[in-house]
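Open the model in your viewer and keep the selection panel at hand. The stops below say what to select and what is there.

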Amino acid sequence: MTLAKETSNLDFSCETGNYHTFCPISCVAWLYQKIEDSFFLVIGTKTCGYFLQNAMGVMIFAEPRYAMAELEEGDISAQLHDYEELKRLCTQIKRDRNPSVIVWIGTCTTEIIKMDLEGLAPKLESDIGIPIVVARANGLDYAFTQGEDTVLAAMANKCPDKAPTTEKEERNAIHKLLNFGRKEEQIEAEEASYKDHPPLVLFGSLPDPVVTNLTLELKKQGIKVSGWLPSKRYTELPVIEKDYYVCGVNPFLSRTATTLMRRRQCKLIGAPFPIGPDGTRAWIEKICSVFKIEPQGLEEREAKIWSSLEDYLELLRGKSVFFMGDNLLEISLARFLIRCGMTCPEIGIPYMDKRYQKAELDFLEQTCQEMGVPLPKIVEKPDNYAQIQRIKELQPDLVITGMAHANPLEARNISTKWSVEFTFAQIHGFTNARDILELATRPLRRNQRLDSLPLMPTNW
Amino acid sequence: MKLAYWMYAGPAHIGTLRIASSFQNVHAIMHAPLGDDYFNVMRSMLEREKDFTPVTASIVDRNVLARGSQERVVDNIVRKDGEEHPDLILLTPTCTSSILQEDLANFVERAQIDAKGDVMLADVNHYRFNELQAADRTLAQIVKFYVEKAQKKGELPTEKTAKPSVNIIGLTTLGFHNQHDCTELKRLMADLGIEVNAIIPQGAKVNNLKNLVKAWFNLVPYREIGLGTANYLFEQHNMPFVDISPMGVIETARCIRQIQKVLNAQGAEVNYESYLEEQTLHLSGAVWFSRSIDCQNLTGKKAVVFGDNTHAAAMTKILAKEMGIHVVLAGTYCKYDGDWFRAQVEDYCDRVLISDDNGEIGDQIAQLEPAAIFGTQMERHVGKRLNIPCGVIAAPIHIQNFTLGYKPFLGYEGTNQIADLVYNSFTLGMEDHLLEIFGGHDTKEVIHKGISADSDLTWSKEAQAELNKVPGFVRGKVKRNTEKFARDRSLTEITLEVMYAAKEAIGA
């Protein structure tokens, strides 16, 4: 391998798209929990419902604020009237749950029978008096986490463009939380601690503790987060005016970014994502540089986090990791793990938006150069069968993969980590770097502990 | 349109895939959008399967929508044929392909020209059948295909086996305790001196299906899967079948007597009466359990039963006839076969419920307040909410129902397992109840361990709010660790910053 040539450019390829991933409707599972006053209605078939109930495991028993509008043969053959049927169901939801918004998730079936959800929604909205957001999160077009992207893109259009002046403070849930129980003058003093910069709205759904954490990180730099898409409640969606700055926290939000730029005329800050201490620092630095703020103490902060990770880094150094690809977090995670001292022969990824992820891709390239390792091969729309052949060949130390392949690979003595866990775990910011490594090293730690057990008889 | 939170039986293609992946060397190709291959996850997780699940998707995406699958499905079939050399590739339609109305049969014909193995289209319509019906149909379809194929080639065996023999039909992957039932049925057949000619589909090879006709009779242990095949073999090849589930002492005896009748009609001259007596009175613990004081205490206790036809019907009979328990409600989610269920259990329960609406079942349980529930995982969760113990007797099931230990539901060991399940469900309920009557455990005060009990630290409101977001089961630990961190640094107030610093430093 000629390193000099390799490092000059990332190698992108595209395979058949025969790979395993979650259906994008799975986003309802974390979004209904995030947006507390929402109700998600998935308009699809038994197949969708079966996936949701099995993929969400125990959550399904906790009276979730989501349900299926299960299409029957009469709906498919248009013997039943779409509008009347949806009205009946949504009225029932309003009566039983009284949500502040109903999100319709369009599926493959509504696409194929061309059910005009976007057309039906405004009419029904005025009929029943609840906002309806339409997101087409289907398996024809999208993979797994891209479901959230379609929902947030739809919500971006629902954000108020000018806040009523009296309500302005009330709307901002994050600041309400941070200012909780403080006196007016204290708040004013705090306002003064922010530098003067144009309003910044962050987008991407994260658990509340992570939201607080990232907001505080920026606050340390004197940057004020004016709002967050999505917020805890639909009624608290942030104000988005023309020329506001926006920045993404997750790599799979390209439609949301596009919507914010084109429809809401915001300015996108293209940064690496705040995953890993390296990513978090680069993310903050990029935001600072756009606002012409000199970042304070970031270098020390990053170094301190790295030193606290040393026990895990020891396990990872020199080991190889192979991403089969299913949730679009792959580039950021690979970049972080390479910084941790791993090598990465292949990054599979469902879909690669080279524009939205540009800063992250550049950062990956830079990281590889600095660590002196070859650039990974980036495989878009991978072919799982071909990947398994390559894994057999390469014998990587760790494969990050979906559950369909995890047990069979383990039975062939290939250590695996279930990729979906990275979607649900808290992985953003300085504070959570350890959680990522906790996941990534678990199979390696398991291997150490089971040292005295025989390996499985390999049978490829 | 139907508002649904939960479903008992899956979509049709799951049934087809369960059959395909039960056979050896059969590959299924789903005509489906991205993400519909969730079956592979379930099989790999629930069954802890060591091998890659032989199911691939031929992806339906935007291009397919615009121009049709064209060569894609054919290419995928031929490719898989070359890669893995399966004996059979089963093209599996999904809800999506049902409405696209592409000519999948034509794809199969074209692929067959280049493929070395057989190629077949599963004949199941998503909108007409559920998982169980589809599994039953697919199994029958595959058996018919291979029996007819052999017939055309003149390779169909004409002789029966020398000794009495049986085909056991309907054991599948992801079936409730099917693996253990399979072992138990083999043991039972061995005890009865009956050769097992074939077990299908679990572990079978399609090219051996022609040999099915050599057996003296077919045994269909589960109501839901296998009857279609047994009926086909009866109608076309004159093979008698026994479709009594050997579940519970009485039904197992009934099943064995029926087998005796079927064999004797073919000149076997067998008599199983002494075997039955030996098993029930001396070997199985279940009959003695029913006479024991333990079980006497259960007399007249109220139970609700809900599940698939096979297990709910059998459990209802066991509870009512073998343990003297009062079944206040017996229900099934197999609506398409509800009449059969009603006829089976009518005499042994107060009410029959035929429904696949889990809300309705939950409401009934809440109103009836039974002392125990026997149902699916869904009823287990209803029980949790209402504080009623539940024994799981039917799919849908979680990973804990795929036990490593030997737990059949059928045959004589099955009767022991069921007795344990019933008894444990009720006594746990009794224990709880008694604890409550006598005022709970003796130490009511929670003993605080560690240093957080006498905390000299103050938590800021934000930090307290943040702490409250931490899941309950680890909150104490996070609190202790954070306070230790603060104390080590002589901090007196815990703020959000301190919390994060603690987490970064010690993973609190």
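Begin with B:Lys149, which is partly exposed because its relative accessibility is 26%, between the cut-offs of 20% and 50%. This is a predicted model. B:Asp118 is buried, with a relative accessible area of 12%.

Next, select B:Glu251 and B:Lys317, whose side chains form a salt bridge at 3.4 Å, N to O. B:Glu251 lies in helix 10 (residues 249–265) of chain B and B:Lys317 in helix 14 (residues 309–323) of chain B, so the pair ties together parts 66 residues apart in sequence. Are these two buried or exposed? B:Glu251 is buried at 7% relative accessibility, and B:Lys317 is buried at 6%.

Now show both chains. 62 residues of chain B are in contact with 85 residues of chain A, and the two chains bury about 6500 Å² between them. There are 7 salt bridges between chain B and chain A. Select A:Glu73 and B:Arg128 to see a salt bridge at 2.8 Å, N to O.

Finally, select strand 3 (residues 66–70) of chain A and strand 1 (residues 2–4) of chain B, which run antiparallel and are joined by 3 bridges. Here A:Ala69 has B:Leu3 as its bridge partner.

Note on methods
Residues are numbered from 1 along each chain as its sequence is written. Chains are lettered from A and ligands numbered from 1 in the order in which they are written. This is a predicted model: local features need pLDDT of at least 70, side-chain atom pairs count only at pLDDT 80 or more; totals for chains, interfaces and linings use all residues. Side-chain values use heavy atoms; hydrogens and water are left out. Contact means heavy atoms within 4.5 Å. Buried area is the accessible area (1.4 Å probe) that two parts lose on being put together, summed over both. A salt bridge is a side-chain nitrogen of Lys or Arg within 4 Å of a carboxyl oxygen of Asp or Glu. Two strands pair if DSSP finds at least two bridges between them. Helices (H or I, at least four residues) and strands (E, at least two) are DSSP runs, numbered from the N terminus. Buried means under 20% relative accessible area, exposed over 50%, partly exposed in between (1.4 Å probe, protein chains only).
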